[in-house]
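Colleague: Could you take me closely through the interior of this chain, and then work outwards from there to its surroundings?

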Amino acid sequence: MILQYDNRYLRKVFHFDSSREPYIADAVVIWCFDNRFQTGFCKFLKRLGAISIDPVKIAGGAKALGSPDRESERAFALDQIQKSIRLHETKRVILMVHSDCGAYGGLSAFNNNPQQEAEHHERELRRAAQYVVETLPELEVAAYFVDFEGVWEVELASRR
């Protein structure tokens, strides 16, 4: 089928049915675009009950909020979170980083030491979470480090 829109022709190449109804996001997820973790990422979010998510996939994931290379990266990530709040009534942000991330220089940046890398990423996630809490205190914040064997939660201080 070919449809005409504004004197331009579009040819449908794939059909699916999707709801046109607005949704409320279970979370906005700040995550890296490294696809090696995609299957585990989806299963983990489902286990958390985060089915309708607003994913923000950027190199380094939560690095953009914890230790951005440029302030514009932090502004971009924060803007995406705020849009998720405005458009989809989001109340929770999930911050994630992963092992062997190229945005951090890979595992070799930590002397190929997984423990050293995990400790760095824990500190990184705490910085990112603190920034989000200070900037958007109405949000619930969770933080996770993902390696090739599983997902590790960073226990954040209660805000109550």
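Modeller: In this predicted model, the largest nonpolar core has 27 residues, and those that touch the most other members are Ile30, Leu65, Ile81, Val93, Leu95, Leu125 and Val132. Two or more residues of this core are given by each of β3, α2 (63-66), α3 (71-88), β5, α4 (114-135) and β6, with α4 supplying the largest share, 4 residues. In soluble globular proteins, nonpolar side chains tend to be buried together.

Ile30 shows how such a residue is surrounded: once its neighbours within four places in sequence are left aside, Ile30 is in contact with Val56, Ile58, Gly61, Ala62, Leu65, Ile81, Val93, Ile94, Leu95 and Met96.

After α1 comes Gly49, which has a positive phi, near 85°.

The surface also carries nonpolar side chains, for Val13, Phe14 and Phe16 form a patch there, with about 400 Å² of accessible area together. Phe16 belongs to the loop between β2 (8-11) and β3, and its relative accessibility is 57%, so Phe16 counts as exposed, the cut-off for that class being over 50%.

As for the chain as a whole, its secondary structure comes to 4 helices and 7 strands, arranged along the sequence in the pattern β-β-β-α-β-α-α-β-α-β-β. Among contacts with a separation of 6 or more, 69% are accounted for by residues 24 or more positions apart. Of the 160 residues of the chain, 39% count as buried, while the chain exposes about 10,300 Å², of which carbon and sulfur atoms supply 51%. The C-alpha trace, taken along its principal axes, spans about 55 × 40 × 35 Å.

Terms used
Residues are numbered from 1 along each chain as its sequence is written. This is a predicted model: local features need pLDDT of at least 70, side-chain atom pairs count only at pLDDT 80 or more; totals for chains, interfaces and linings use all residues. Side-chain values use heavy atoms; hydrogens and water are left out. Patches are made of residues with over 30% relative accessible area and no salt bridge: like charges are joined within 9 Å, nonpolar side chains (Val, Leu, Ile, Met, Phe, Trp, Tyr) within 5 Å. Accessible areas come from the Shrake-Rupley method with a 1.4 Å probe; for residues, only the protein chains shown count as cover. A salt bridge is a side-chain nitrogen of Lys or Arg within 4 Å of a carboxyl oxygen of Asp or Glu. Buried means under 20% relative accessible area, exposed over 50%, partly exposed in between (1.4 Å probe, protein chains only). A nonpolar core is a set of buried Ala, Val, Leu, Ile, Met, Phe, Trp, Tyr and Cys residues joined through side-chain atoms within 4.5 Å. Contact means heavy atoms within 4.5 Å.
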